[in-house]
Every structure is written in C-alpha cells, then in structure tokens.
Amino acid sequence: MALPPALAQALAAGPIDVATYMQHCLYDSQTGYYMTRVPMGADIATTDFVTAPELCQAFGEVVGAWVAQGWQFWGRPELWQLVEVGAGRGTLLADILRTLQQVAPAALQGLQVFVVEISPTLQQAQQHTLRAWQTLPHPPVWAPTVAAIPVSTHPTVVLSNELFDALPVRQFQRQGADWFERLIALSATNELIWQLAPQACTEAAVLTYAAAYPQHSVIEYCPGLVGLVQALQQLTTGPQRHWHCDYGAQGTAETLQAVQRHQMVSPLAHPGEADLTCQVNFHALQQAYIAPWQSQCTDLSIFLHQHGFASRVTAL
C-alpha cells in the first residue's frame, strides 16, 4: 500500500491513534483529502459524496430565511456578521445570500460575511461560487481558522453544514473495567491494521467522557470539539445565533467510516483518497456550549418543514 509521505513517517515511529490518522488523511497540507480536491457534488463520476445544499437550492433558501429572521429579531442592525465554517463549494452560502437579497435586501448593506476554510483548493471553489457577491458593500472575507476572525461586538450568525463529522476522533475499547485506546499500525506486509494500546487509558477527560456511555463497548472521543465550539461562541460579544447541520446521535459508538465515489469503503483502505467522517455525538456537542446557552437539537426534516421547505419545493 502506498501511503502519503507524512502518514508513512508517522507510522514508521510506531502505532498512531485514530485522530492522528484522520488528521494526516484529511488535513495534511500536501496530501490531505480536503486540501487537494473538491470532493462534494452530485456528479458521481467526479465526486465522492453529496451534501444537502448540492441537491436542492430550497435547502439553502430555508436556511437563508432563518438567517433573515435573526436579523429582523435583532431589530435590523446596521452592522452584523455571518460566519460559515467549512463551506464546501460555497453553494449553501450563495443560496443564503440570494435569499437575503430577495426577502431582506436591506440586510445585505451592513452584512460582513466570513468564510472559515483551511483548504486552499476549497477556498478557490468557494470564491468562484461567490464571485457575484464580491460587489457587496462588505465583500466576503476568507480566514484559515476561526481564531483568525477579529472578535466583534456586532450580532453574529454562525453556520456549518457537515462540519463536526469531519473532526478527528480518538477511539477507545472497553475491556472489563478499563478502556484501551484503539491504534492504527503497519503490519509486516506494509498493510494498515488495528491494534489496542498495551496500557489502559488513564486520561481523566477520556474516562469522564466514557463514564457517560456505559452501554458502549467502543467510544469515540473528539478532542477538538469543545475548543471549536467555544471559539465560535467567542466570535462576538454581541447577540449571536448558531445553526449546525450534521448527522449523528445522542452518544455514538464505533462510527468511523470512509466514502469514495459515493460508495462505502474501509477506513484503512485508501488513506488520503477517501472521505473519513464519524457520526456526531449531539449530547457532547450540546454540552460543549457554555452557559447561558441552551443548545437544542432538532430533526432536520422538522426544521425544514417549519421554515417552509415544502412550499418552496412546490414553487420550484
């Protein structure tokens, strides 16, 4: 098996945890999956997976109507922000801006859009999709990280679609009363294989997390979840609304998966050439939101229909 150079170097030093494996496969600056291609789209011949905004413009229009409601609820502020993290090809954001132009054109006059994107390749795709919106009074601004966006006092909407499922996770397997980390190693025949760490985990954060899911024999712990959520909350000292769309459950077990050309493949089969994701633990995501926030989870179909999706699709 031909491995990406950085991943091969890491494995040469010994087994690595799942989060390190995902980080190399997805985000390596030279060979990372998201860094070198535009993988999402409905064309199965040239893409690996499809997201909701790519399937129907009504999806983004419904989210745009929700964004407009927030602007109106805040009293139509003269200056406000819209931040999307991990914007794919920019399709969702383009649909949101077009909807604002139709239902609340005054909102665009004082709107500053930020796009947080780590991938230069995806950033180019987003800039192409959003080229018509470069004439806004405040043109969209791209940032490589959330921390690169200046802290504001303005009302802020924060959006993401299938963001948290791509955060690297660590896996732990229970044996008796102990938890052992699952690792990835190279076999004697240069194949990727699973291993368990020889020593039980003693990390307090992991053990506290594991205690919340006694029914699971394998857990997935996302070390970057809390930091990302808190960074998003700290983007402004003013009013804010957050909307995150992802797939998962109230506590997840062994969900690491890989997709290539719209088909499921082994997570170890094509490192750097397939999309790696894990189902989001919505309970952990809700817990990551610090007081006084009361984060809520709603089924996507309920949200869409509450905001007029069916009537918009009929109109289309």
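## A salt-bridge network

Glu61, Asp95, Arg98 and Arg312 are joined in a network of salt bridges. A salt bridge here is a side-chain nitrogen of Lys or Arg within 4 Å of a carboxyl oxygen of Asp or Glu. The model is predicted: local features need pLDDT of at least 70, side-chain atom pairs count only at pLDDT 80 or more, and totals for chains, interfaces and linings use all residues. Numbering starts from 1 along each chain as its sequence is written, and side-chain values use heavy atoms, with hydrogens and water left out.

An α-helix has 3.6 residues a turn, so residues three or four places apart point the same way. Aspartate 95 is buried, with a relative accessible area of 6%. Arginine 98 is partly exposed, at 24%. Buried means under 20% relative accessible area, exposed over 50%, and partly exposed in between (1.4 Å probe, protein chains only).

Helices (H or I, at least four residues) and strands (E, at least two) are DSSP runs, numbered from the N terminus. Arginine 37 is partly exposed, with a relative accessible area of 22%. Glutamate 273 is partly exposed too, at 42%.

Glutamate 54 and arginine 89 meet in a salt bridge at 2.5 Å, N to O. The two are 35 residues apart. Glutamate 54 belongs to helix α4, and arginine 89 to the loop between β2 and α6 (91-103). Glutamate 54 is buried, with a relative accessible area of 16%. Arginine 89 is partly exposed, at 33%.

## The buried face of α9

Which residues of helix α9 are buried? In this helix, residues 225-233, they are Leu225, Leu228, Val229, Leu232 and Gln233. Viewed down the axis of α9, the buried residues fall within an arc of 135 degrees, so they line one face of the helix. The arc is taken from the directions from the helix axis to the C-beta atoms.

Several elements cover these buried residues, including β2 (80-85), β5 (156-161), β10 (240-245) and α10 (282-288).

Conventions: Contact means heavy atoms within 4.5 Å.
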